[in-house]
Amino acid sequence: YNLRICLTIGALLLIISAWIRQAIIQTTESFGVGATLGNVIGAFAQVFFGNSSSKLASVWFGDKERALSTALGTLAMPIGCIAGFVVPALMVTEQDL
């Protein structure tokens, strides 16, 4: 399959996992079940995103640009995870605690 289909499937699985988390937590107030089931589906979705940077680099960029593009695309995922941990912590004030 081509890159667009793979990324679309991955995005849909991530959306479904978020909906499952919210639906289970809102209806049953069971955080453990909702978080676990939603995270399992989200983990399946990550497979579709893992190697997309190298595929994108091989299709869009030339031989001299391919290594830099793959490196930047690969580093984007951990940097996004770091931002996901740091930004919410900055939004919480001392009054919220």
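Two residues are in contact here when heavy atoms of theirs lie within 4.5 Å. Keep that in mind for the exercises below, and remember that this is a predicted model.

**Exercise 1. Find which residues Ser69 touches, leaving out those up to four places away in sequence, and work out whether Ser69 is buried or exposed.**

Solution. 
- Start with the place: Ser69 sits in helix 4.
- Next, the neighbours. Skipping residues up to four places away in sequence, Ser69 touches Ala57 and Phe61.
- Now check a distance: Leu56 is 13 residues from Ser69 in sequence, and their C-alpha atoms are 8.6 Å apart.
- Last, the accessibility. Buried means under 20% relative accessible area. Ser69 has 16%, so Ser69 is buried.

**Exercise 2. Work out how helix 3 and helix 4 are oriented to each other, and which residues make their contact.**

Solution. 
- Take the axes of helix 3 (residues 52-60) and helix 4 (residues 66-91): they come within 8 Å and cross at roughly 155 degrees.
- Angles over 145 degrees count as roughly antiparallel, so helix 3 runs roughly antiparallel to helix 4.
- As for handedness, this crossing of helix 3 and helix 4 is right-handed.
- Helix 3 brings Ser53, Ser54, Ala57 and Ser58 to the contact, while helix 4 brings Arg66, Ser69, Thr70, Gly73 and Thr74. Our Ser69 from the previous exercise is one of them.

**Exercise 3. Find which residues of helix 2 are buried, and what they pack against.**

Solution. 
- Get to know the helix: helix 2 (residues 31-50) has 20 residues and reaches 28 Å from its first C-alpha to its last, close to the 28 Å expected.
- Its buried residues are Gly34, Ala35, Gly38, Ile41, Gly42 and Ala45.
- A handy rule for reading such a list: an α-helix has 3.6 residues a turn, so residues three or four places apart point the same way.
- The partner is helix 1 (3-28), against which the buried residues of helix 2 pack.

Note on methods: Residues are numbered from 1 along each chain as its sequence is written. This is a predicted model: local features need pLDDT of at least 70, side-chain atom pairs count only at pLDDT 80 or more; totals for chains, interfaces and linings use all residues. Side-chain values use heavy atoms; hydrogens and water are left out. Axes are lines fitted to C-alpha atoms, for helices over the stretch in contact, and angles run from 0 to 180 degrees between N-to-C directions. Helices (H or I, at least four residues) and strands (E, at least two) are DSSP runs, numbered from the N terminus. Angles under 35 degrees count as roughly parallel, over 145 as roughly antiparallel, 65 to 115 as roughly perpendicular and the rest as oblique. A crossing is left-handed if the near helix is turned anticlockwise from the far one by less than a right angle, and right-handed if clockwise. The expected span of a helix is 1.5 Å times one less than its number of residues. Buried means under 20% relative accessible area, exposed over 50%, partly exposed in between (1.4 Å probe, protein chains only).
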